[in-house]
Structures are given as C-alpha cells and as structure tokens.
Amino acid sequence: MSELVTEREIDRSHMQVSDEVAIQITDMNKWYGAFHVLRDINLTVYRGERIVICGPSGSGKSTLIRCINRLEEHQAGQIVVDGTELSSDLKNIDKIRSEVGMCFQHFNLFPHLTILENCTLAPLWVRKTPKKEAEEIAMHYLEKVKIPEQADKYPGQLSGGQQQRVAIARSLCMRPRIMLFDEPTSALDPEMIKEVLDTMIELAEEGMTMLCVTHEMGFARQVANRVIFMDQGQIVEQNEPEEFFNNPQSDRTKLFLSQILGH
Amino acid sequence: MSETHAETTRFVRTEMLAEQEPPITEKGIVKWIRENLFSGWLNVILTVLSLFVIYWVLAALVPWLANSVWTTGSLAECREVLAEKGLNSHGGACFSVITERWPQLIFGFYPPELYWRPIVAFVIFLLGIAPVLFQSMPRQALWGSLAAPFLVYWMIWGGSLWGPIITAAGFGVGALAFVFIGKAAGNILGTISAILLPILFWLFLTGPIVAGLSGAIPLEITKVESNDIGGFMLALIIGISGIILSLPLGILLALGRQSHLFIINKVSVAFIEVIRGVPLIVWLFTASLLLNYFLPPGTNFDLMLRVIIMVTLFASAYIAEVVRGGLAALPKGQYEAADALGLDYAKSMRLIILPQALKISIPGIVNTFIGLFKDTTLVVFIGLLDPIGLSNAIRATTEWNGIYWELFIFIGLMFFIFCYSMSRYSIFLEKKLQREHR
C-alpha cells in the first residue's frame, strides 16, 4: 500500500513538536456492557504531533479516538483535551467538540445541504460567524482541498475521494486545533486514497495535531512522528515510525506487521 | 461491384445505406396498441372484455349525467322534468339538490348575510399557507403566516379583534420568556417558563385585558356560534387545524420516543400507544360526552374545539410513528457528524436530522393527513353537521326525501379534490427535495 502515497520528500523541519500537551489520557477504561473495550489507556499527545494508530479490527483504536470528542463515553480514568476535562458537563463537551475536528470512514457529509452549506453550517450556528465571513472561510478551505468548483453541488454528486476532502474542509472550517481521522481512506478506491492522503500530508506539514486511525503504513512512515499499535483494547507498542516498522519489539506487533506488509 | 464482393469472404462496402423508416408496426400508436393491448391471445380476450365493461358502465352513466337536472326546487319537481323528457325517475341525475342546497352544504347554518366572512377567512388561509408550502416565495411572508390563524379565527367566529390579538400576545410572552429566562437561567428553566407563563397569561390576564381594551376601542364584528358552522366549512376547519397542529406535536412525540431521558421517553410511548390503540370514534365520544363530567361545572368548552383537540392528538400519534420511521432510517453517522461539529441537540435536530427524516417521511405524513381529513366525517356521530350530517338532514326534508347518489357523489368529489391535491403536493415536494441524483 505504501506506494500509493506521494513520493515527494516531506520537509519535516516545520513539523516541530512542542512541549505543550494537547491531549492527556490517564488510566482510561471503557466497557460496552460487560465487554472491556479499552483497558488502562495512558497517552499524552503534544501539540503538533502526528500520531498514527494501527491494529487489528476490534482492537479498540476507533473507540479510543471517538472517546476524545465524546462520541463514546469512557467509564473510568481521565481525558483532558486542551486543558478541558471531558466530564458529563455538556458545556465542556460542546467546547471540546468545536475545537476538535473529526473525519469519518464514511465521510458523513450532510446530503441535504450543498458542499458550501456543509462547510458553513458549524461556523454559522456554533461559532456565530457572520454568513459572508463563514462563506469566505469555507471557500478558502475548499480551495485548499482543491475542490472550490464543487461548492454548489450536493454531496451525492461527488466521488468518494472528493467527499472525504470536503469532510476534511468542513472540519477545518471550525479552525480546530486537533484533527481526528477514523479510517479516512478505508471506504475509498485506490486512486482516491492518494488524493485524500495528499490533503492529510499537507495538513500535517502545516503543523496540525493529528490522530489518525489508518492502515496506510506508507502514510504512517512518511508523516507520523509516532505510531501506536493497539490490540485487545490496550496500547501494545508505540515508537517512532522507523523503529516501529524496522524493529518491532512485541510478537503481536511483528505478526501484525508481517500480515499487513507481507503482500 | 458489391455483388461480386458479397460472394467472397472478403467484403468492402462501397456505399453507406441510408436510414430507413421503421415498419408501421414498430412505431407510434400502432406499436403501443400491439404491445399493450394485443400482445397475446390472453391479452386480446382481456382487452375485449375490458372494453365491454367500460362500455357497459359508460352506457349507464353518461345518459344519467347528460340528462341531469340542475334547476328544480325538490325531488318531485325534478322527476316531473325527467318525465317530461320521457325518462323514468332514474333516467337522469337530480343535481339540483346541490345547486339548491349549495350554501348549506358549504357553510352549514352560518348566517347568510355573513357568508363573505368565511370566504375572506379562506383567502387569508391560502395566503398564509402559500409561503409555508412553496419555498420560492419571499421568506418575510412567513410573518404573515404567523398572523393568519388569528385573523382566520376572527373572521369565522367574529367577536372582538382584541381576543385573537391578546391570545397571540400570549405566544409572544412565551417567546420572550424562552429568550430572556433561557439566557439568564439556562435552557431547561427557559423552556419551562416558555410553557408556563403563556398558560398563566391566557388563564388570568387575557380576559381582563380583552374586556378593558374592547371597552376603550371596540373592534367588534357579529359573533357566530360554533353550532351554526357546518358543511365543508366544518370539515375544513377541523381537518386543517388538525393537520397544522398535529405535525409539530407528532414530531415532538417522535423525538420524545427516541429520547434517552427516561420520563420523556416513557410518557411519549404511553401517549402514542394509548391514543393509537383506541378508535377515533371513541375519542370523539369522549370529547363530546365524558369531558363535560371532568371539567368544572359552568365551564363552556366549545364542542368543536374539543373535537379539534381530539383529532389533533389522534393524528399526532400516527405522525409520531411515521416520523420515527424517518429518524430510524438515517445513518448513525449523521448524528455523529453533527455531534462532532459541536452542534447541540436542538441545532443538530433542526438543521441536520429533522430535514432529512421529514423528507423521508413525507409520503407517510401526507398519508396520515389524508386519513385525518376524511376521518372528519366521523363527527357526524357526535351531532356535528359535517357534509355527511348535512346530507342526512337534507334527505330528511320533504323536498329531497329519497335522494342518495347525487349528494354522495358531490361529497365524494369534494373530498377527492382536497385529498388528491395533498397527494400531488406531496409528490411535488418529494421531487423538489430530491438531492441524490441531480
């Protein structure tokens, strides 16, 4: 899969990671009924970090990032995002959600709204941005993801790759400080994977803090400064990409990598 | 030259063939008839049989309609006219019952000198509903739509204009309470006060204020009692009020049934199941008979108002289930995307979920509305003079004793016009909201 990612060199010099903590997860546990999905998760994400989370299906990686913006509720432990702790306080949840962008596997664009309306909706209604300004912001980000000419179409008229780029632009319109990606390329054809990954690489180059659940190992090698491997609801191994791929420590990681890179 | 080539395996075309007309059996009406009516021996038989049945029905119906009498004053006179033409008493229709009783069928016993008022009310209703139905109209016109119900009420029932104005002001009190108390003390207190304050306002303040203002500036027109209202006017008042009120209530019930809040959820479920599980006619009897026992003695709670409330509650239970179907049909991702953008519950419902769920539910909602509108004829059983009730009254008079078909055909046709318009509007709306393949 790695050859799908652009071959151009990435200038890593911009990708400075600061000491400022963006997300702090401490002893976090989550159950679905009696099923223990996430076990004792401890994770600190610094501002500007690009983290790729991988692991077999059912390992809890999606659930982990969905806990960060409270699409899933955790039952024990602590999650602090940008200094705000996630509790059942609705005000905190809305505040965190408006600062954390998210892209989904199935894009989840709003089919009854045009591309432009999809992008302006949250700024208009959550941030109370004036309409004209919201549209300028939306066009700015649509240009960034290279589809400004589609602004007046409806999501159903776009290809999968275009839809996912709109979804990224829609999140960016809220000017988030953190972006979560939940398998953003898993529902796409190979040619479309590239255009979405290119957009994500560009975003990384600008220093966005990113947590990305993906199976695109080429992307992980190229962009991530940390790769996390999860299995059975636990973080099994985390390391810098070079080390992670070339010198995996645990047997579980070795097996996973051999399966995913073996063909 | 081409002939020589045709005999060998090698072939070169030397001139291109011109386009030719298809044979007569492959185009136009002939093709259609062959394919649709005479495509096999079974279809030939069925076609001939159907033609015979159509002829048989029309042979009876057309002369009956063609010989119809429109100008006589009673059934006996009508039959005389038919007899003069050499026809028996069933040789022609006596539609003169419609022309003679027209005002009654439309207005019931509304005072004839005031017929202009329901007509004005109907025009106001049409003007008010148009911007709601057609988005191409200017959005400012919706303010007019808000005022329309109060004007319509005043036009039909008459009395002092201050009554509807102060009643409308009650809604204003609610809106102000929601905005200001909501801002100062949180959304929940805001909502509660937005419901409570208007009710208190209507109960204790409306009466004195209206009396005071009417004393100072009387804006009075002749009062008309609900008992005098009948015919299609009654059916339309009950039907349209029920339709307009049951939609928002049904949506709230559907959201309530989806809610994770225990009490709201259980109350909605209980309401829907109880209302839907009992026949409408039972609820109408409840409205007309039982409610009087429960209300404090001396309260005069208008029967038509009670019926409208019952019909509204009944329809809203059905609407709630239709809308719930629409809500359930939306992918979970839509809820998640709305949440992830930071939209709160009210905004995500209003902007994301309901527009899509309601679009899916349009056929079911309109289906419920059509059912509701036709069910208004059930009020005949509690003594209201809807078109059916009036037709019974008309047939009981000496002039029109013995007439059936003409009245029922007329009533059926009127209902059909309204229901078919609703159906066409539903199709128009579905097409307009079609986003997937445009």
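Visitor: How is chain B divided into domains?
Guide: There's domain 1 (19-66), domain 2 (102-110 + 226-436) and domain 3 (159-221). Keep in mind that this is a predicted model.

Visitor: How far apart are the C-alpha centres of domain 1 and domain 2 of chain B?
Guide: Those centres lie 42 Å apart.

Visitor: Okay, new topic. How many disulfides does a search of the whole structure find?
Guide: The search finds 1 disulfide over all chains. Cys78(B) and Cys94(B) are the partners, with an S to S distance of 1.8 Å.

Visitor: Where do those two cysteines lie, Cys78(B) and Cys94(B)?
Guide: Cys78(B) is in helix H4 (residues 75-84) of chain B, while Cys94(B) is in the loop between H4 and helix H5 (96-107) of chain B, so the pair ties together parts 16 residues apart in sequence.

Visitor: And is that disulfide left-handed or right-handed?
Guide: Left-handed, because the torsion about the S-S bond of Cys78(B) and Cys94(B) is about -85°.

Visitor: Let's talk helices. At what angle do H14(B) and H15(B) pack?
Guide: Helix H14 (residues 332-340) of chain B packs against helix H15 (residues 345-375) of chain B at about 165°, and their axes are 10 Å apart. That angle is why H14(B) is roughly antiparallel to H15(B).

Visitor: Which residues make that contact?
Guide: From H14(B), Gln334(B), Tyr335(B) and Ala338(B) take part; H15(B) brings Ser348(B), Met349(B), Ile352(B), Ile353(B) and Gln356(B). By class, the contact of H14(B) with H15(B) has 5 nonpolar, 3 polar and no charged residues.

Visitor: What about H13(B) against H15(B), how far apart are their axes?
Guide: The axes of helix H13 (residues 303-329) of chain B and H15(B) are 8 Å apart, with a packing angle of about 145°. H13(B) passes H15(B) in a right-handed crossing. Residues in this contact include Val311(B) and Tyr318(B) of H13(B), and Ile353(B) and Phe369(B) of H15(B). The contact of H13(B) with H15(B) has 16 nonpolar, 4 polar and no charged residues.

Visitor: Which way does H11(B) cross H13(B), left-handed or right-handed?
Guide: That crossing is left-handed. Helix H11 (residues 262-277) of chain B meets H13(B) at about 120°, with the axes 9 Å apart. That makes H11(B) oblique to H13(B).

Visitor: How many charged residues are in that contact of H11(B) with H13(B)?
Guide: There are 2 charged, alongside 8 nonpolar and 1 polar. Among the residues in contact are Arg276(B) of H11(B) and Glu321(B) of H13(B).

Key: Residues numbered from 1 in each chain as written. Chains lettered and ligands numbered in written order. Predicted model: local features only at pLDDT ≥ 70, side-chain atom pairs only at ≥ 80, totals over all residues. Heavy atoms only, no water. Axes fitted to C-alpha atoms, helices over the stretch in contact; angles between N-to-C directions. Helix = DSSP H or I, 4+ residues; strand = E, 2+ residues; numbered from the N terminus. Parallel < 35°, antiparallel > 145°, perpendicular 65-115°, else oblique. Contact = heavy atoms within 4.5 Å. Nonpolar A, V, L, I, M, F, W, Y, C, P; charged D, E, K, R; others polar. Domains from an automatic or database assignment. Disulfide = S-S within 2.5 Å. Left-handed = near helix turned anticlockwise from the far one by under 90°.
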